[in-house]
Amino acid sequence: MKVEEKLYTLRYKRDDEPHLKIKNFDVCSRCEKEYGTPQPCISVCPANVYVWDGTRMVISYENCVECGACKIACPFNNIAWSFPRYGLGMSLRYG
Amino acid sequence: MYDVVVVGGGPAGSAAALRAAKLGAKTIVIERGSEPGAKNVSGAMIRVNDLSMFDVKSLPYEREVSKVRLSFDGVQIEMKPKDKLVNVGRLKLDRWLASQAESAGAVLITKTTVLKVDGRRIVTDRGEIEGERVILAEGANALVSINSGLRRELKPEETVQTVKEVYSLSKDEVNKRLGLGEQEGISVRYLFSNPIPGAGFLYTYKDSIAFGIGVHMRSLISHRVRPQDVLEEVKRSLGINELVKGFSLREYSAKIIPENGFPAWRACSGNLFLTGDALGVVNPITFNGIGPAVISGYIAGELAVNDQCGSYESSLMMERTLSQAIKLRPLVKELLKEENIRAYISMTSDALSSWTSGDLSLDLKANLWRLTKHALLLLEAIS
Ligand SMILES: Cc1cc2nc3c(=O)[nH]c(=O)nc-3n(C[C@H](O)[C@H](O)[C@H](O)COP(=O)(O)OP(=O)(O)OC[C@H]3O[C@@H](n4cnc5c(N)ncnc54)[C@H](O)[C@@H]3O)c2cc1C
Ligand code: SF4
Ligand code: SF4
């Protein structure tokens, strides 16, 4: 089963304001040169939120399961990471 | 003006609020989830004794753990737990913990995220409140604690990434497939070395089975492999796919586990108290994080009311469960180094099989000290 299908098991309420942002896209290009692909943020993310399109990092923040890994993995501290507002984002049934 | 403001309605936060409210302090808990537990992930196996500050008679557990099994490279060791262990679902557990804090008089606000604390001002995404003392019980992603300068962010080498799945079908099927009685539960711990080294865990809920893995973040980065792919590979190689065949996937989740923290990080400063995962008190061997979280929260609740930041750290160090978790850390760091673990797992399984066949090879004797250490750790894991 693909991760995108697994994410259907979660209840999501979307925050229109993205809670994850790349601070500086040029840094990601530098990161790709230094670390190759997949870059650290991609390697640790269990929800395929980060996709490198060859030149730019694309973020599907709506899929985030709020695990907290990417902000720690990024060697350049290039992710502005926060929680979705007002309890939005994903909710669990079991945990 | 509140006496005590608790940031986070997880186990640490609810224990802190319970204590503070019982001591008569005007207490509020601010939780970002739609309800306590909605954002929280874990095994979860807990030691009922650790939760004794709550009224455990009504603890909403799924199954009592009657067997603890360790499994690596085909070798299995099974033991009966000494203490009462139970499997719980976090949503039910966290709701229950929070409701006990509420019964003691604490106020709970949900769907609200604390953004920062500035002295007595607690700024949330819905406005500000004031509090004399603030207990930070935010869990592993402790943005407010880090923001306040009380501790730093984790590093990849101090962080375990976990992914977990819950499969459900029926109570009878769970019992049949795992050889369990009506209310009986099992908890299995696996060690694996492929595609990267890590630990797996299996727990039983009433009508479902939870399986997950924990791998070091540094390994994921250096091997360029994603946790979800490790999970699939491990499920295949350990036969989990067959075990859950016909079950439906009910939930997929992930969360980091901090493997460093107190006492390297300060537990208290001025009117701020850190607790639980925000402070970094998980026992890295037993995965016991909920126990240390409620214990540290409970102590923080009391000392916050009495404005005794000065004695918080020494009180934490003196507590048995917490000091055990802290003392294990260096040993674990050594044992779980990626270069050691592969050799280690195969050596231990060789050793155990030659041990049982009565042939203790020379090679094994040379490695006996390592084995002894591992044995100690295993004992620690189930005692
Ligand atoms: C996969 C996995 C398996 C585990 N297995 C076990 C196990 O079997 N047994 C065990 O004892 N432990 C286990 N643990 C560890 C255990 O889950 C944690 O140690 C424990 O939950 C820590 O409790 P806490 O209260 O400190 O933090 P949390 O449980 O994380 O609670 C923090 C709370 O604060 C809220 N919050 C965070 N930031 C804010 C904010 N800014 N504003 C408002 N609210 C906020 C969160 O929504 C959350 O409710 C496991 C962990 C994982 C990831
Ligand atoms: S790890 Fe950080 S710098 Fe590298 S690509 Fe990801 S976000 Fe960009
Ligand atoms: S927090 Fe976790 S799920 Fe969300 S983007 Fe980061 S790594 Fe992916």
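Q: What makes the pairing of A:Lys6 with B:Glu232 a salt bridge?
A: In this predicted model, the closest N and O atoms of A:Lys6 and B:Glu232 are 2.5 Å apart. The criterion asks for a side-chain nitrogen of Lys or Arg within 4 Å of a carboxyl oxygen of Asp or Glu. The pair A:Lys6 and B:Glu232 therefore counts as a salt bridge.

Q: How many salt bridges and polar contacts are found between chain A and chain B?
A: The count of salt bridges between the two chains is 5. For polar contacts, the rule finds 28 residue pairs across the interface, both residues being at pLDDT 80 or more. Such a pair has N or O atoms within 3.5 Å.

Q: Which elements of chain A supply at least two residues each to the side that touches chain B?
A: They are helix H1 (3–6), helix H3, helix H4 (69–73) and strand S6 (89–91). The residues of this side of chain A divide into 25 nonpolar, 11 polar and 5 charged.

Q: How do you know that chain A and chain B are in contact?
A: Contact requires heavy atoms within 4.5 Å. By that criterion, 41 residues of chain A are in contact with 49 residues of chain B. The two chains bury about 3800 Å² between them, with 54% of this area on carbon and sulfur atoms. For the complex, the predictor gives an ipTM of 0.97 and a pTM of 0.93.

Q: Which residues come nearest to ligand 3, and how is its shell divided by class?
A: Of the 13 residues around ligand 3, A:Cys45, A:Cys64, A:Cys67, A:Gly68 and A:Cys70 come nearest. The shell has 11 nonpolar, 1 polar and 1 charged residues.

Q: Where in chain B is the pLDDT below 50?
A: Chain B averages a pLDDT of 89, and 87% of its residues score at least 70. Over residues 358–362 of chain B the pLDDT is below 50, and this stretch has 4 contacts beyond near neighbours in sequence. Residues 379–383 of chain B also have a pLDDT below 50, with 12 such contacts in the model.

Definitions and conventions: Residues are numbered from 1 along each chain as its sequence is written. Chains are lettered from A and ligands numbered from 1 in the order in which they are written. Side-chain values use heavy atoms; hydrogens and water are left out. pLDDT is the predictor's confidence in each residue, from 0 to 100. Buried area is the accessible area (1.4 Å probe) that two parts lose on being put together, summed over both. A polar contact is a pair of N or O atoms within 3.5 Å; within protein, one must be able to donate a hydrogen and the other to accept it, and residues adjacent in sequence count only if both atoms are side-chain atoms. Helices (H or I, at least four residues) and strands (E, at least two) are DSSP runs, numbered from the N terminus. Ala, Val, Leu, Ile, Met, Phe, Trp, Tyr, Cys and Pro count as nonpolar, Asp, Glu, Lys and Arg as charged, and the others, Gly among them, as polar. A residue is near a molecule or strand if one of its heavy atoms lies within 4 Å of it.
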